[in-house]
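This briefing is for a reader who is meeting the structure for the first time. It starts with the basis of the model and then goes topic by topic.

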Amino acid sequence: MSQAPRRTVVVLAAGEGKRMKSATPKVLHPLLGRTLLGHVLGAAGAAQASRTVVVVGHRAEQVEAHLAEIQPEATPVLQEQQNGTGHAVRIALDAVPEAEGTVVVLNGDVPLLRPETVASLVAAHEESKASATVLAAQVADPVGLGRVIRDDAGNLRQIVEERDASPEQRAVREVNAGIYAFDVAALRTALGKLSTDNDQGEEYLTDVFGLLAEVGQPVGVFVAADPDETLGCNDRAELAALRALLRDRVNTAWMRSGVSIMDPATTWIDVTARLEPDAVVDQNSQVRGTTTIAAGAVIGPDTTLVDAVVGAGATVLRAHVVGAQVGPEATVGPYSYLRPGTRLARKSKVGGFVETKNAEVGEGAKVPHLSYVGDATIGAQANIGAGTIFANYDGVRKHRTTVGDAAFVGSDTVLIAPVEVGAGAYVAAGSAVAKEVPAGNLGVTRAQQRNVDGWTVRRRAGTVSAEAAERAAAQQPAERHGDADASGDAGR
């Protein structure tokens with residue numbers, strides 16, 4: 001027989017969030033690599049609970065789908081009618097009748113909460129043997145927040161929502177963070193006594209504290225060291241403010257771990273990214289998703305990395321890199337776009353105005369500028385000239401091109417896949433290559449040039465070009481160039 005859980009986490013995520021004015025549920029709005037709910041669940045892990053219950057309501061199917069992705073072991077519980085936080089916790093506990101010990105209740109829109117604070121709250125609650133403990137914060141501006149009301153001895157008397165508070169109570173600056181620890185037996189009893197006699201006509205979970213205090217049950221207050229941790233999110237302006245606070249927290253932690261961030265105010269690093277000491281991130285850069293940056297790499301300025309891998313000593317300058325790997329000591333940019341499936345080997349180069357997709361660039365190989373490389377394998381030490389296009393799509397299917405080691409592809413070339421250029425082969429500039437160029441061969445597809453004598457004067461008479469041609473002819477009256485036959489044809 002399995003042992004009953006000693007701790008249970010309940011996350012309240014049923015609200016609509018009307019002030020967000022969004023089709024997306026409030027708790028699913030993103031914030032530096034995670035949703036609001038994802039951040040809260042990350043902090044909740046510090047409670048080391050046996051069960052996690054997430055109360056869903058507004059657009060429940062979206063929240064449940066997201067929950068299945070990020071924490072499939074959590075149990076969603078539907079609150080069909082949002083009748084208050086007390087009602088939400090009661091239906092959550094109904095879903096886990098075996099729960100014993102401590103219940104930790106978290107709001108789903110408090111993304112700055114640290115795991116260490118959750119652990120400290122639980123420890124203080126259990127050590128004091130309190131029936132209930134509230135996480136509180138001292139704030140400069142308590143408007144809109146529930147107040148923590150203490151008696152003359154400093155003990156918690158009740159928690160009052162602002163809309164129900166008296167003028168004296170509204171002057172209190174110690175506020176309720178919406179995060180609690182309860183003894184489950186005491187909580188179940190108190191929940192059964194809640195009423196809807198308040199301004200909103202809802203069952204307030206905060207009323208539990210007053211009910212417990214009235215009957216002499218010990219209730220406690222744990223004050224957060226950093227009040228920013230307790231900030232919730234009600235609209236997009238508040239979400240932006242939280243994003244900036246989290247940016248500063250993340251950047252400070254990376255700098256103290258040995259990463260150089262040249263302009264923290266314009267550098268945005270997701271909490272899911274990983275950087276090694278001596279990495280450098282320059283201004284106006286974003287490091288998103290599961291990106292990893294190795295020691296000595298230089299990122300930016302003006303660079304975005306999404307789910308990318310950047311090797312030691314690599315440089316990525318003014319580039320957009322998504323789902324790609326940049327090898328050690330490789331260089332990228334400026335103004336390059338590396339799309340998913342791109343893999344750059346050690347000391348390879350993708351230069352200015354180059355786009356790659358599903359492309360392997362070998363060690364020391366170069367694609368210096370103005371090229372598209374799609375569905376390709378480029379061997380070590382190969383050189384791809386400016387303006388080269390890897391024509392990978394025939395309108396129905398994608399095909400692959402292979403360029404061998406130390407091959408040289410001239411500028412303004414089109415490689416029409418599927419095609420192979422062998423090791424050490426050359427392709428003449430301006431060629432359109434649709435057949436194999438064997439190793440060591442020169443591939444040329446250009447037509448022979450011909451010059452039509454006098455064409456501009458005859459066909460563009462009266463233009464500045466014709467006037468310039470006439471002046472040049474007058475300066476060199478004895479010289480004639482071109483093919484007489486061609487000239488005759490053009491004159492007809």
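The model is predicted: local features need pLDDT of at least 70, side-chain atom pairs count only at pLDDT 80 or more, and totals for chains, interfaces and linings use all residues. Residues are numbered from 1 along each chain as its sequence is written, and side-chain values use heavy atoms, with hydrogens and water left out.

- An unreviewed UniProt entry places the feature "domain: MobA-like NTP transferase" at residues 9-156; UniProt positions follow the numbering used here, feature names are shortened, and annotations may be inferred rather than shown by experiment.
- Over residues 9-156 the chain is 30% helix and 25% strand, with the end C-alpha atoms 23 Å apart.
- Helices (H or I, at least four residues) and strands (E, at least two) are DSSP runs, numbered from the N terminus.
- Helix H1 (residues 36-44) is largely enclosed by the rest of the structure, because eight of its nine residues are buried.
- Buried means under 20% relative accessible area, exposed means over 50%, and partly exposed lies in between (1.4 Å probe, protein chains only).
- The buried residues of H1 include Leu36, Leu37, Gly38 and His39.

**Aromatic contacts**

- The structure holds five aromatic pairs.
- Rings of Phe, Tyr and Trp (its six-membered ring) pair if their centres lie within 6.5 Å; planes under 30 degrees apart count as stacked, over 60 as edge-to-face and the rest as tilted.
- Among the pairs is that of Phe182 and Phe209, which is tilted because the ring centres are 5.6 Å apart and the planes are at 50 degrees.
- Phe182 lies in strand S10 (residues 174-183) and Phe209 in helix H7 (residues 207-214), so this pair ties together parts that are 27 residues apart in sequence.
- Phe182 is buried at a relative accessible area of 0%, and Phe209 also counts as buried, at 0% relative accessibility.
- Another pair is Phe408 with Tyr426, with ring centres 5.1 Å apart and planes at 20 degrees, so it is stacked.
- This pair links distant parts of the chain, with Phe408 in strand S34 (residues 408-409) and Tyr426 in strand S37 (residues 426-427), 18 residues apart.
- Phe408 is partly exposed, with a relative accessible area of 34%, and Tyr426 is partly exposed at 45%.
- Tyr180, Phe182 and Phe209 form one aromatic cluster.
- The charged end of Arg247 sits over the ring of Trp268, 4.7 Å from its centre, and Lys398 lies over the face of Tyr393, 5.6 Å from the ring centre.
- A charge sits over a ring if NZ of Lys or CZ of Arg is within 6 Å of the ring centre and within 35 degrees of the ring normal.

**Pockets**

- On a 1 Å grid over the protein atoms alone, a pocket is an open set of points where a 1.4 Å probe fits, with protein on both sides within 12 Å along at least five of seven lines; lining residues have an atom within 4 Å of a point.
- Grid points are joined across faces, edges and corners, and a volume is the space filled by probe spheres set on the points.
- The largest pocket holds about 1,800 Å³ of space.
- Its lining has 49 residues, and Arg19, Lys26, Asn107, Asp109 and Asn234 lie nearest the centre.
- S10 gives the most to this lining, with five residues.
- The lining of the largest pocket divides into 21 nonpolar, 17 polar and 11 charged residues.
- Ala, Val, Leu, Ile, Met, Phe, Trp, Tyr, Cys and Pro count as nonpolar, Asp, Glu, Lys and Arg as charged, and the others, Gly among them, as polar.
- The second largest pocket holds about 380 Å³ of space.
- Of the 19 residues that line the second largest pocket, Arg34, Leu246, Arg249, Val250 and Val271 are the closest to its centre.
- H1, helix H4 (115-128) and H8 each give two or more residues to the lining of the second largest pocket, and H8 gives the most, with five.

**Backbone details**

- A cis peptide bond, with omega about 5 degrees, joins Gly333 and Pro334.
- Pro334 lies in the loop between strand S24 (331-332) and strand S25 (336-338).
- Ala417 and Pro418 are also joined by a cis peptide bond, with omega about 0 degrees.
- Asp278, which is not a glycine, has a positive phi near 75 degrees.
- Asp278 is exposed, with a relative accessible area of 58%.
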